[in-house]
Amino acid sequence: TRSGWSRSFKRRDRAEERQVSTRAALAATLVLTVLVNVVRSVWVPDRFDPWITIALGVVVALIALAAAMTADELGLARTAIPSGLRWGLGVVAVIVAGLAVVVLVPSLQSVLEDDRAEISLRSMLWRALVVIPVATVVVEELLFRGVLLGLLQRLLSPGRALIACAAVFGLWHLLPVWRGGGAGVGGGGSIGAVAGTFIATFAAGIGFGWLRQRSGSLIAPICAHIGTNSATFAAAWLVAR
């Protein structure tokens, strides 16, 4: 009937508009990610880096709003919170157990040697409990496993979206290492450091993204990311003592 055709055309028009909106939001997210990465790595002093990252999180949230992303797409649905906590805290428990072994076995402690950990207890706690969780983990998870993965899943299969998101996450970490300002495998600025950092962060991106997809909640990768960064930094501080 004529009314049925009309409804069909309207649904198709809405689907096309959603796709255009998704592609525009995805492009904006990727361009913003590149610009912020270059600015913070090349021109902005390290002490301002947390504020730049937080500002990035605010803009990314606005992009998600403009693209009409749902709480479920972002991993922020209330119904998924129990699953997110269960998976996330489970991973944290495994990470802490592994770090405990490394800290307690003298022959393994060299794995955690890090000049940045030679700071006071107060500075360590500030970084491990505030700076890393708030200015690094929450923003990165909102960006990569929330907005970016959610937009990619509108256009690609879950598996392809996961790989693409992990690749961008890996690239996000390369410029600071290339410029010698980040911790890499093989020494800052070297080809080995860049390659090792990409492999490690790509693998982490796969793990964090899988947790997001499996649990349905952004809480799971947030917990795992905090466990990976903050707990490892605290363990390195203990070894330095």
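Trainee: Which residues in α4 are buried, and which helices do they pack against?

Mentor: This is a predicted model, in which local features need pLDDT of at least 70 and side-chain atom pairs count only at pLDDT 80 or more, while totals for chains, interfaces and linings use all residues. Residues are numbered from 1 along each chain as its sequence is written, and side-chain values use heavy atoms, with hydrogens and water left out. Taking buried as under 20% relative accessible area, exposed as over 50% and partly exposed as in between (1.4 Å probe, protein chains only), the buried residues of α4 are S83, G84, G88, I95, L99, V102 and V103. They pack against α8 and α9.

Trainee: How do the axes of α4 and α8 cross?

Mentor: Helices (H or I, at least four residues) and strands (E, at least two) are DSSP runs, numbered from the N terminus. Axes are lines fitted to C-alpha atoms, for helices over the stretch in contact, with angles from 0 to 180 degrees between N-to-C directions. For α4 (residues 81-104) and α8 (residues 191-215), the axes come within 9 Å and cross at roughly 145 degrees.

Trainee: Which residues meet where α4 contacts α8?

Mentor: Contact means heavy atoms within 4.5 Å. On the α8 side there are W210, L211, R214 and S215, and these meet S83, G84, W87 and V91 in α4.

Trainee: Where does α9 bend?

Mentor: The span of α9 (residues 219-240) should be 32 Å for 22 residues, and its end C-alpha atoms are 31 Å apart, which agrees. The bend at a residue is the angle between axes fitted to the seven residues ending there and the seven starting there. In α9 that angle is about 25 degrees, at G227.

Trainee: Is S217 buried or exposed?

Mentor: S217 is found in the loop between α8 and α9. Not counting residues up to four places away in sequence, S217 touches G75, A80, I81, G84, L211 and R212. Its relative accessible area is 1%, so S217 is buried.

Trainee: What does E140 touch?

Mentor: E140 is found in helix α5 (residues 121-155) and is buried, with a relative accessible area of 5%. Its C-alpha atom is separated by 9.1 Å from that of L56, 84 residues apart along the chain. Leaving out residues up to four places away in sequence, E140 touches R145, F169, W172, H173 and H225.

Trainee: What is the phi of A68?

Mentor: A68 lies in the loop between α2 and α3 (71-74) and counts as exposed, at 54% relative accessibility. Most residues other than glycine have a negative phi. A68 is not a glycine, yet its phi is positive, at about 55 degrees.

Trainee: How many helices and strands does the chain have?

Mentor: Of the 241 residues in the chain, buried residues make up 38%. Among contacts between residues at least 6 apart in sequence, 76% join residues at least 24 apart. The count for the chain is nine helices and zero strands.

Note on methods
The expected span of a helix is 1.5 Å times one less than its number of residues.
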